[in-house]
Amino acid sequence: MPDIRTLSAEEARAAVPALSAVLADCVAGGASVGFMQPYGPDDAEPYWRDVADAVAAGASLLLVAELEGRIVGTVQVGAAQMPNQPHRGDLKKLLVHRSARGRGFARLLMEAAEREAVRCGKTLLVLDTATGSEAEAIYPRLGWQRVGVIPDYALWPEGGFCDTTLFYKRLA
């Protein structure tokens, strides 16, 4: 079983190389998570440094799944919202390295992210994911409600438009 934990800003900064490897692997595998191919770990480092800064500012929560001391997955909760949305969080970048898929790590990361969001006073989470992707199938199984599809929302990492599906989940 993996160890799922929330990283501090210092831990996030130290984990930048490992997080970069996970993100680069997911993009190489075709995940539409905001980046275009070719995309390597060096390309991902500025993104993860910004995430560590957001963790330091209290704007984001960063969770990781570690297996035998190696980060194999991650997810974020955007906690900083506009003044009229203090109850809402954005679930972002659920990533599992291809070598670790099929073992329930995405589910464990999501469950931990939801618990952390509740701990931070969030009662509603929202997310978007590429329509037709492997990731899209995960969320309904975890109790997320599908809202709808926005056509041509982004590009696949190798090019070409992809739609996005919006989901929400009320937290207890």
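Predicted model: local features only at pLDDT ≥ 70, side-chain atom pairs only at ≥ 80, totals over all residues.

Seven of them, the 7 strands of an open sheet, lie in the order 1-2-3-4-5-7-6, and their pairing is mixed. In general, the strands of a sheet pair through backbone hydrogen bonds, in either a parallel or an antiparallel manner.

Next, select residues 3–6 and residues 145–155. These are strand 1 and strand 6, the edge strands, each of which pairs on one side only. From one strand to the next, the twist averages 25 degrees.

Now select residues 70–78 together with residues 88–96. The former are strand 3 and the latter strand 4; they pair in the antiparallel sense over 5 bridges. Which residue of strand 4 is the bridge partner of V77? The partner is L91.

Then display residues 134–141, which are helix 5. This helix also packs on the sheet, where it touches strand 4, strand 5 (124–130), strand 6 and strand 7 (161–170). Between the directions of helix 5 and strand 5 the angle is about 150 degrees.

Finally, turn to strand 6 and strand 7, which run antiparallel and are joined by 7 bridges. Select R146 and locate its bridge partner in strand 7, F167. The hairpin of these two strands has 5 residues between the strands, and in this hairpin G159 takes a positive phi near 110 degrees.

Conventions: Residues numbered from 1 in each chain as written. Heavy atoms only, no water. Pairing = 2+ DSSP bridges. Helix = DSSP H or I, 4+ residues; strand = E, 2+ residues; numbered from the N terminus. Axes fitted to C-alpha atoms, helices over the stretch in contact; angles between N-to-C directions. Contact = heavy atoms within 4.5 Å.
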